[in-house]
Amino acid sequence: MARTVQAPPDQVFAVLADGWTYSDWVVGTVHIRDVEPQWPAPGSKLHHKAGPWPLSLHDSSTVLACSPGHSLRLNAGLWPLGAAEVDIRLTPVGDGATRVEIEEDFTEGPLLWVRNKLNDLLLHRRNVETLRRLADIAERQR
């Protein structure tokens, strides 16, 4: 899944580097409970709540790798449903724009075993909206 954002890579990465904004652009995340001061350094975490009350789940996402201005790879937790690896890559295009690519794949838990076309479609739609929201935030900061 990819989208061109009308902002330079450093500006898009600034949104990724602000863990407190995740509930603004990550579909399904409703509240950020805490962000470790080292975020987005590898090994650092942000603690979030996902889903509607009273069914909301508390979990955390951990940075697996980070290259400021270029990429961010996360292990996104949503237990008891599982976890996913999310890879976000930024590539400069044209004059001041960025191609943002996101790949997400379940790595643990029950969602790993119920992979089907319906789940793939829902994940695709979720990431389309996630990229739209990320673009809105990054482009407003121009």
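1. The aromatic cluster. Y22, W25 and W39 form one aromatic cluster in this predicted model, where rings of Phe, Tyr and Trp (its six-membered ring) pair if their centres lie within 6.5 Å, planes under 30 degrees apart counting as stacked, over 60 as edge-to-face and the rest as tilted. The structure holds two aromatic pairs. In one of them, Y22 and W25 are tilted, at 4.7 Å centre to centre and with 50° between the planes. Both Y22 and W25 belong to helix α2 (residues 22–25), where they stand three residues apart, about one turn of the helix.

2. The link to the loop. Y22 also forms an edge-to-face aromatic pair with W39, at 5.6 Å centre to centre and 90° between the planes. This pair links distant parts of the chain, since Y22 lies in helix α2 and W39 in the loop between β2 and β3, 17 residues apart.

3. Y22 counts as buried because its relative accessible area is 5%, W25 because its value is 2%, and W39 because its value is 7%.

4. Basis of the model. Residues are numbered from 1 along each chain as its sequence is written, and side-chain values use heavy atoms, with hydrogens and water left out. Because the model is predicted, local features need pLDDT of at least 70 and side-chain atom pairs count only at pLDDT 80 or more, whereas totals for chains, interfaces and linings use all residues.

5. Overall make-up. The protein has four helices and seven strands, which are DSSP runs numbered from the N terminus (helices H or I, at least four residues; strands E, at least two). Read along the sequence, these elements follow the pattern β-α-α-β-β-β-β-β-β-α-α. Of the 142 residues in the protein, 39% are buried. The accessible surface comes to about 7700 Å², with 55% of it belonging to carbon and sulfur atoms, as given by the Shrake-Rupley method with a 1.4 Å probe, where for residues only the protein chains shown count as cover.

6. The sheet. The seven strands form an open sheet in the order β1-β7-β6-β5-β4-β3-β2, with antiparallel pairing; two strands pair if DSSP finds at least two bridges between them. The edge strands are β1 (2–5) and β2, each of which pairs on one side only. From one strand to the next the twist averages 25°, with axes taken as lines fitted to C-alpha atoms, for helices over the stretch in contact, and angles running from 0 to 180 degrees between N-to-C directions.

7. A helix against the sheet. Helix α1 (residues 9–17) packs on the sheet and touches β1, β4, β5 (71–77), β6 and β7, while its direction makes about 160° with that of β6. Contact here means heavy atoms within 4.5 Å.

8. Strand pairings. Strand β6 (residues 83–93) and strand β7 (residues 97–108) pair in the antiparallel sense over 11 bridges, and the bridge partner of A84 in β7 is F106. Strand β2 (residues 29–35) runs antiparallel to strand β3 (residues 45–50) and is joined to β3 by five bridges, with L46 in β3 as the bridge partner of V35.

9. The β3–β4 hairpin. Six bridges join β3 to strand β4 (residues 57–67), again antiparallel, and K45 has T62 in β4 as its bridge partner. The two strands β3 and β4 form a hairpin with six residues between them, and G51 in the turn has a positive phi of about 90°.

Notes: Buried means under 20% relative accessible area, exposed over 50%, partly exposed in between (1.4 Å probe, protein chains only).
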